[in-house]
Amino acid sequence: MDNTLAGKTALVTGGSRGIGKAITRALFHAGARVIICGREAKSLIAAAKEIGEILCVPADVRREKDVRKLFKVVDRLDILVNNAGGMEHYGKFDETSLDAWRSTFEFNLLGAVSVTRAALPLLRKSRGCIVNIASDVGRRPFDMGPDYCAAKAALISLSRYLAAELAPIRVNAVCPGPVVTGNWGAASIRKAAERTLAKRTGTPEEVASAVLLAVKNGYLNGAVLGVDGGAVRTP
Amino acid sequence: MKNPKSEIRNPHPEAPLSGKVALVTGGSRGIGAAIARAFAAAGARVAINYRRSKAEAVAVARSFGGLAVKGDVGRHADKLIKEVAAKLGRLDLLVNNAGHSEREAWTGDLDAVTEDMWDRVLDTDLRGTFLCSRAAARVMDRGKIINVTSIPALTGEREGIVYSVAKAGVLGMTKSLAMLLAPKIQVNCMAFGSIETGWVQWLPAPMKKSYESAIPVGRFGKPEEVGQLALFLATNDWVTGQTYVLDGGEARV
């Protein structure tokens, strides 16, 4: 257990489950004070019980009102991890309605934009850093719906853009490949593993270790860190 | 505040490379020495390779109780790898850091690029990386190969055509090797921007200032930051075929 983030405050959106929970745990064990937000109070409390003394705030990053309430609790901030997001539906391009597109972009891009805007005064004060959790399908599209791939690509682009404009705040993207966190069927796990060179799906901890690297390494900025078993090898 | 599970997962949090053997080519100074030190501090037994700088290499190796091994990576890669594996018993990590550094090859004048220059740079940076990787893959059971490249490989470089070609070759090689050597060996590459120990030493002070102002974080990278990135790639089993850019946000590619 190291203590390199002692005295730092971190916010992890969607920090109670899956990859977000592993990130929360990694930051906590590196000594940071961690605040998590999520849509379900129950799973926030369960995460706190499992990990330790972390601050839980029920908030949906898609709702401006929730984000405002969240930042009444967050009083200082050194590390922002925009992790909330996910695939809500799946369809081919001609099966994806405009409303579905809007919903996917709200969840996977605009949530991060909204939280980042609210966090900016605190991050400027602390000269902090931002880690956006994108996806390997944002680097190279894969059969996961056009809206999801495009929204994650947009989040990657936003990270690179902000790396220059928000300096000295550092902004990086971590792009996980297939990590089994919910109730995946055996067939979809096999299919996901097959698209990696490692021939296996990843663990939330393997992704969290890259987030920790992005937080701790002061020269990583505008970087896109693929953690995906070699599924995608393009920039 | 304790989580017993995570303590079981990592029995040696302070020495994540304990029991591992590493070879860092071109490890007698600069970036190579920084990586070697980081690996040694993480518990690895480390060999550094040098071609000409014997005194420097021996001093660096001695500073962390490592081994200095002579050899030109473009010509004697097999012998070099065998020697390290024989003397240290195994090989788990290879860092292909050796690069031919020749100030005259940094030129915007195409006519100043000689064929000999071309051969010298490509022999070390490209051929050396290939030969060492292949030789290492023969003796590694499971392991990691970490290559070194730089921003010109991704963006092109008006005043460094030979280097940009050699380093772009390393990018392609990294991905192909990652495919060929999966799933037992992970192969990745670090793409550096301006690191304090590298070519930036040649810059006159005013030019250095103007370079720094073009970097979003406002400074050159530190050797320790290089070591930290290398250590991550040496320990994460699910990262392969990747290029991690470490440049303070300069290129954003």
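How many of the five residues of strand β1 in chain A are buried? Five of the five are, so to speak, under cover: β1(A), residues 9–13, is mostly covered. By "buried" I mean that 20 or more other C-beta atoms lie within 10 Å of a residue's own; 12 or fewer is exposed, in between is partly exposed, and the C-beta atoms are placed from the backbone.

Quick housekeeping. This is a predicted model, where local features need pLDDT of at least 70 and side-chain atom pairs count only at pLDDT 80 or more, while totals for chains, interfaces and linings use all residues. Residues are numbered from 1 along each chain as its sequence is written, with chains lettered from A and ligands numbered from 1 in the order in which they are written. And when I say helix or strand, those are DSSP runs, numbered from the N terminus: H or I with at least four residues for helices, E with at least two for strands.

Okay, back to β1(A). In a regular strand, side chains alternate between the two faces of the sheet. Here A:Thr9, A:Leu11 and A:Thr13 point one way, A:Ala10 and A:Val12 point the other way, and all are buried.

Who sits beside this strand? On to its partners; two strands pair if DSSP finds at least two bridges between them. β1(A) runs parallel to β2(A), residues 33–38, and five bridges join them. One of the pairs to look for is A:Val12 with its bridge partner A:Ile36 in β2(A). To get from β1(A) to β2(A), the chain goes through helix α1, residues 18–29 of chain A, and this β-α-β crossover is right-handed. Right-handed means that, with the strands pointing away from you, the path from the first strand over the helix to the second runs clockwise.

β1(A) also pairs with β4(A), residues 79–82, in the parallel sense over three bridges. There, A:Ala10 has A:Ile79 as its bridge partner.

Now zoom out. Chain A has an open sheet of seven strands with parallel pairing, in the order β3-β2-β1-β4-β5-β6-β7. At the edges are β3, 55–58, and β7, 224–227, each pairing on one side only. Neighbouring strands are turned by 20° against each other on average, direction ignored.

Let's walk along from β4(A). It pairs with β5(A) in the parallel sense over four bridges, and A:Ile79 stands opposite A:Cys129 in β5(A). Together with helix α4, residues 98–126 of chain A, these two strands make a right-handed β-α-β unit.

Is β5(A) mostly covered or mostly open? Mostly covered: five of its five residues are buried. On one side you have A:Cys129, A:Val131 and A:Ile133, on the other A:Ile130 and A:Asn132, and all are buried. Five bridges join β5(A) to β6(A), which run parallel; find A:Asn132 and you'll see it stands opposite A:Ala173 in β6(A).

Then β6(A), residues 170–176, pairs with β7(A) in the parallel sense over four bridges. A:Cys175 stands opposite A:Gly226 in β7(A). Helix α6, residues 146–165 of chain A, packs on the sheet, touching β5, β6 and β7 of chain A, and its direction makes about 160° with that of β6(A). Helix α8, residues 204–216 of chain A, packs on the sheet as well, touching β4, β5, β6 and β7 of chain A, at about 165° to β6(A). Axes here are lines fitted to C-alpha atoms, for helices over the stretch in contact, and angles run from 0 to 180 degrees between N-to-C directions. Contact between two residues means C-beta atoms, placed from the backbone, within 7 Å.

Last stop: helix against helix. Two packed helices are described by the angle between their axes and the distance between the axes. The axes of α4(A) and α6(A) come within 9 Å and cross at roughly 25°. These two helices are therefore roughly parallel to each other; the cut-offs are under 35 degrees for roughly parallel, over 145 for roughly antiparallel, 65 to 115 for roughly perpendicular, and oblique for the rest. Their crossing is right-handed, which for helices means the near one is turned clockwise from the far one by less than a right angle, while anticlockwise is left-handed. Among the residues making the contact are A:Trp101 and A:Phe105 of α4(A) and A:Tyr148 and A:Leu155 of α6(A).
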